[in-house]
Amino acid sequence: MSKKFYELTPDERLLALNLKEDIRLSLSSRQSPVNAQMVENYISDFRMPMGVVHDILIDEQHFSVPMAIEEPSVVAAANNGAKMLSNGVHVIMADTAMIGQMLLIGAAGVDEFIDLHRDEIFAKAKQAKPSIYKRGGGLRDVRVRNISKTETSVDFIIDTKDAMGANIVNTILEAELPLFEKFVPLGVILSNYATNQLVTVTGDVDFERIGGREVAQKIVALNHFSKNDPYRATTENKGLFNGISAVVLATGNDWRAVEASGHAYASRDGQYRGLVTWTILNGKLHGELTLPISVGTVGGAISAMPDAKQALSIIGDVNADTLRGVILSVGLAQNLAALKSIASGGIQRGHMRMQYRALAMQVGAKTDEITAIVSRLISLSYVDASVAKKILMEIRNEPKN
Ligand code: NDP
């Protein structure tokens with residue numbers, strides 16, 4: 001009997017996909033035995049460019065921070081933003097617990113039940129995951145939230161220490177299920193809305209760092225649009241997540257979780273708004289960003305993937321709280337750089353060099369031809385693929401000395 005697709009080896013799967021020979025060989029050459037264990041139907045690795053914020057000052061400590069991202073100019077902008085934040089970023093950490101939900105319908109009497117069985121509920125959690133208690137974590141609280149007339153969420157507040165904690169939370173929740181049997185729970189699952197893990201970063205920027213008070217005022221006015229206009233808010237937050245998600249991804253963390261949580265927080269009062277706030281305060285441009293963010297420095301993909309561990313080591317030997325502050329600081333720098341660009345004449349100028357590198361590759365330039373093409377494209381008022389191709393041909397036809 002022939003094997004099912006998922007039973008094949010990665011190379012057998014590639015063969016079954018009937019790809020062109022060169023593509024199949026190229027994908028095959030990028031396989032890694034470690035990553036083959038991470039997802040089903042594995043065929044190959046997908047590489048992303050990784051850059052670095054060389055120096056960002058956070059609470060008097062200098063950090064280098066890896067960023068994995070495919071979009072040109074993001075890393076350059078983050079570095080730029082970090083330089084503008086030369087006074088440093090300050091991190092304010094609130095709570096550090098995850099929320100797990102037990103979803104009930106028609107849960108009359110659940111409050112009293114929890115009060116009566118509190119000790120049992122806490123004992124069950126400890127039994128389910130004793131190792132997290134040894135690390136100083138575990139179940140902190142159990143709260144009831146009535147969502148509608150018939151729907152109730154029992155929220156389990158769980159400290160997962162340096163792990164993002166999805167599996168830890170789900171393990172504890174599942175162990176609690178039998179206790180709540182009489183309420184016939186619909187199911188249990190962690191919530192990615194990490195409101196018990198709020199982190200705030202602030203930064204003060206000297207006017208001269210950004211081209212004067214007038215530019216600062218423009219940044220404040222631009223930022224204000226994102227507070228009232230969801231069209232502007234979506235773009236401003238997308239730019240913010242250029243920075244945040246690139247660090248989250250490079251460090252092996254779950255960027256979908258971080259983004260979902262961030263966007264939910266951006267809509268917390270019913271309207272989607274920009275997450276960063278810029279004001280003029282004490283003669284400086286003052287930025288502030290608060291985000292519920294749940295990431296880890298152990299567990300999940302971080303422990304499994306050497307790439308993630310190596311990237312994390314660029315930041316240093318940090319715990320999850322420090323990582324959360326670093327990620328948000330890069331986000332603040334990224335947002336500052338984007339607003340500064342728009343306020344001083346548009347972001348296209350800054351983007352061009354990197355975009356033209358991509359265009360040169362797109363039209364077939366070899367690595368040693370890219371710089372020459374880009375420097376010619378920069379001087380032109382109109383550029384498209386046919387222009388880039390023409391310049392590539394000219395360069396190739398020029399006599400070499
Ligand atoms: P793990 O299941 O890998 O748990 C982390 C483990 O690391 C702990 O159980 C603990 O095990 C060990 N550990 C070592 N040092 C520490 C420390 N200092 N602090 C805490 N734990 C430590 O990962 P998570 O529970 O963090 O789950 C994250 C993964 O779950 C991610 O890959 C995510 O994508 C995925 N996921 C996400 C979901 C979602 O977001 N909705 C849903 C389901 C999964 P020990 O104490 O035994 O050594």
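Reader: How far apart are the end C-alpha atoms of helix H13, and what span should its residues give?

Author: In this predicted model, helix H13 covers residues 320–343. At 1.5 Å a residue, its 24 residues should span 34 Å, and the end C-alpha atoms are 35 Å apart, which agrees.

Reader: Is H13 largely enclosed or open, and why?

Author: H13 is largely enclosed by the rest of the structure, because 18 of its 24 residues are buried.

Reader: What follows the helix H13?

Author: Gly 345 follows H13, and the phi of this glycine is positive, near 115°.

Reader: How many residues are in the largest nonpolar core, and which have the most contacts inside it?

Author: The largest nonpolar core has 57 residues. Those with the most contacts inside it are Val 65, Met 67, Ile 219, Ile 244, Trp 278, Leu 285 and Leu 289. H13 gives the largest share of this core, namely 11 residues.

Reader: What does Val 65 touch?

Author: Leaving aside residues up to four places away in sequence, Val 65 touches Gly 51, Val 52, Val 53, Ile 56, Val 247, Ile 314, Ile 315, Val 326 and Val 330.

Reader: How many residues are in the other core?

Author: The other core, which lies apart from the largest one, has 28 residues, among them Ala 107, Val 110, Ile 132 and Ala 163.

Reader: Changing topic, which residues come nearest to the ligand?

Author: There are 20 residues around the ligand, and Ser 131, Arg 135, Gly 165, Asp 254 and Gly 300 come nearest.

Reader: Which atoms of Arg 135, Lys 129 and Gly 300 lie by oxygen atoms of the ligand?

Author: For Arg 135, a polar side-chain atom lies 2.8 Å from a ligand oxygen atom. For Lys 129, an N or O atom in the side chain is 2.9 Å from an oxygen atom of the ligand. For Gly 300, a backbone N or O atom lies 2.9 Å from an oxygen atom of the ligand.

Reader: How much of the ligand does the protein bury?

Author: The protein buries 69% of the 940 Å² that the ligand exposes when taken alone.

Reader: Which elements give two or more residues to the shell around the ligand?

Author: They are helix H6 (130–134), helix H7 (166–176) and helix H11 (300–304). The largest share of that shell, 3 residues, comes from H7.

Reader: Finally, how many helices and strands does the protein have, and how much of it is buried?

Author: The protein has 16 helices and 10 strands. Of its 401 residues, 44% count as buried.

Definitions and conventions: Residues are numbered from 1 along each chain as its sequence is written. This is a predicted model: local features need pLDDT of at least 70, side-chain atom pairs count only at pLDDT 80 or more; totals for chains, interfaces and linings use all residues. Side-chain values use heavy atoms; hydrogens and water are left out. Helices (H or I, at least four residues) and strands (E, at least two) are DSSP runs, numbered from the N terminus. The expected span of a helix is 1.5 Å times one less than its number of residues. Buried means under 20% relative accessible area, exposed over 50%, partly exposed in between (1.4 Å probe, protein chains only). A nonpolar core is a set of buried Ala, Val, Leu, Ile, Met, Phe, Trp, Tyr and Cys residues joined through side-chain atoms within 4.5 Å. Contact means heavy atoms within 4.5 Å. A residue is near a molecule or strand if one of its heavy atoms lies within 4 Å of it. A polar contact is a pair of N or O atoms within 3.5 Å; within protein, one must be able to donate a hydrogen and the other to accept it, and residues adjacent in sequence count only if both atoms are side-chain atoms. Accessible areas come from the Shrake-Rupley method with a 1.4 Å probe; for residues, only the protein chains shown count as cover.
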